[in-house]
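The sequence and the structure come first.

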Amino acid sequence: MASAHSSTTRECVLTSHRTDLATPPSKYLAVRGAERSVLEPGQVRVRNDFLQLTAVMADLMSENPGLPMPPYPVGAPLWGGAVGTVVESASELAVGTAVQHMKGWREESVGDASLFYPVPGDVLPGIEYFLNQGVTAHHGMADVAAVGEGDVVFVSGAAGGVGSLAGQIAKALGARIVIGSAGSAEKARYLVEDLGFDAAINYRDGRVLEQLAELAPEGINVFFDTVGGAQFEAAVQAASPKARFALCGTLAGQVDGGMGGFPRLDIMTAIVKQLNIRPFSTLHTPEQLAAWGTHYGRWLSEGKLVFPHTIIGGGLQSAPEALDALLRGEHRGNVLVRMAT
Ligand SMILES: NC(=O)c1ccc[n+]([C@@H]2O[C@H](COP(=O)([O-])OP(=O)(O)OC[C@H]3O[C@@H](n4cnc5c(N)ncnc54)[C@H](OP(=O)(O)O)[C@@H]3O)[C@@H](O)[C@H]2O)c1
C-alpha cells in the first residue's frame, strides 16, 4: 500500500443552492482544504489528473433541477467526470492504475474500488481523451436520429462538448452534409476547418433560418438540438418531410434563462411534414457505452474524428471560473481542467 505525503488535500464544494441564473456558478462554489481519510478495506485513493466540466453542472447546483441525475448537496464536494491514477490501495486495484470515475471536483478521490474504472493506457492518445461526451453524441445521432448515408444534418450548439462530437459522428456515419451552429464567427470557422463540418452558422447574427435555406435548399432531414428556442423553431421551418429531430439539450434556456426549453412548435408545419421529434436522455447503458467505445478509438486512428477539447491549467482552483467561462461560450469542445498546478 502506498502512503500519502501530507494530511490534507483540496476539494470544491457547493456553498448554497444556485437560485439565480444571472449569477455565475462560481459564486456558489468554494475550494477548501480537507483531511485525508484513512482507507477502509476495499477502497482506493486516486490522484486526479483531469476534471471534466459540462454545462449541466450549473443546473445541478439548484435545489430541484428536475434532471435524471442527483443534484449537488450543499456543503459537499460536487461530483463529475475525472480521470486519475491510483496512488494508494486497500483493494485489488493496483497502485499506478489509470482510472476513470465520477468523483471529480477534488484533487484526490477516495471510495470503493468498484467506483473506479481502469482505462487502457495505450488505446487513446492521452488519458484525458476518456473525458468526452461521445456516449450522448453517438446515442443521439446513431440511435435516436438514426443518421445514415445521404442525410443532411443540422447540429445546434455544435462547438460545445456534445455538439462538436455529434457533427463529426454524423459525417462518420455517412451524412452527406453536416451544418453546425455556434456563437461566433471564429467558432464557425473552427467547425469547418478543424472539425470537418461542411458549413457553419454564427447564430448570433440572427439569420439561422435564412442561412439554413441557403445551405440546405432541399431541407434538413436530421436535426440534433442542444440549444432549443429560436434554433429549434428555425429547424422546424427548414426541415424536409419526415425529418428526424433528436432533442438533446436546451442551452439557450439553461445558460441565460431564454426560451431554450420552451420553443413554440408550429404544429401544423410539423403535421404537414410528419416530423419525427424525439427528445432523449442518455442513460449510459452498457450497450450505449460499448457502441461509442467501439467507434471512438477507431475513428480517431482513422482520422475520421478529432477529440475537440480545451484544457484549462491552474489546478482545481481554476475550475469554478472555468465553468463560468464555459457558460459564457469562451471555450470549445469538451472542457477539461488539468489538476496539476
Ligand atoms: N440528453 C442527454 O442525455 C444529454 C446528455 C448530456 C448533455 N445534455 C445537454 O446537451 C446540451 C449540451 O451539453 P454540453 O455539455 O455539450 O454543453 P456545452 O455546449 O459545452 O455548453 C456550453 C456552450 O453553450 C453555448 N451557449 C451559451 N449560451 C447559449 C445560448 N443562449 N444559446 C445557444 N448556445 C449557448 C456556448 O456555445 P456558443 O458560444 O456556440 O453559443 C457554450 O460554449 C446541454 O443542454 C446539456 O444539458 C443532454
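Which residue forms a salt bridge with Glu108? The partner is Arg36, and the closest N and O atoms of the pair are 2.5 Å apart.

## Basis of the values

This is a predicted model, in which local features need pLDDT of at least 70 and side-chain atom pairs count only at pLDDT 80 or more, while totals for chains, interfaces and linings use all residues. Residues are numbered from 1 along each chain as its sequence is written, and side-chain values use heavy atoms, with hydrogens and water left out.

The whole structure holds 18 salt bridges, a salt bridge being a side-chain nitrogen of Lys or Arg within 4 Å of a carboxyl oxygen of Asp or Glu. Helices (H or I, at least four residues) and strands (E, at least two) are DSSP runs, numbered from the N terminus. Glu108 counts as buried because its relative accessibility is 14%; buried means under 20% relative accessible area, exposed over 50%, and partly exposed in between (1.4 Å probe, protein chains only).

Arg264 and Glu233 also meet through their side chains in a salt bridge (2.9 Å, N to O). This pair links distant parts of the chain, 31 residues apart, with Arg264 in the loop between α7 (251-256) and α8 and Glu233 in helix α6 (residues 229-238). Arg264 is exposed at 62% relative accessibility, whereas Glu233 is buried at 15%.

## Helix α4

In helix α4 (residues 185-193), the buried residues are Lys187, Ala188, Tyr190 and Leu191. They line one face of the helix, because seen down the axis of α4 they fall within an arc of 155°; the arc is that of the directions from the helix axis to the C-beta atoms. The buried residues of α4 pack against β9 (177-182), β10 (199-202) and β14 (309-312), where contact means heavy atoms within 4.5 Å. Ala185 and Glu193, on the other side of α4, are exposed.

Glu186 and Arg189 both lie in α4, three residues apart, about one turn of the helix. Their side chains meet in a salt bridge (3.0 Å, N to O). Glu186 is partly exposed at 40% relative accessibility, and Arg189 is partly exposed at 28%. A network of salt bridges links Glu186, Arg189, Glu193, Asp194 and Arg332.

## Nonpolar core

How many residues does the largest nonpolar core have? It has 41, and those with the most contacts inside it are Met141, Val153 and Val155. A nonpolar core is a set of buried Ala, Val, Leu, Ile, Met, Phe, Trp, Tyr and Cys residues joined through side-chain atoms within 4.5 Å. Elements that each supply at least two residues of this core include α2 (134-144), β8 (152-155), α3 (161-172), α4 and α9 (286-301). The largest share, six residues, comes from α3.

Gln52 is in strand β3 (residues 43-53) and counts as buried, at 10% relative accessibility. Not counting residues up to four places away in sequence, the residues that Gln52 touches include Met57, Gly81, Leu131 and Asn334.

Ile267 lies in helix α8 (residues 267-273) and is exposed, with a relative accessible area of 52%.
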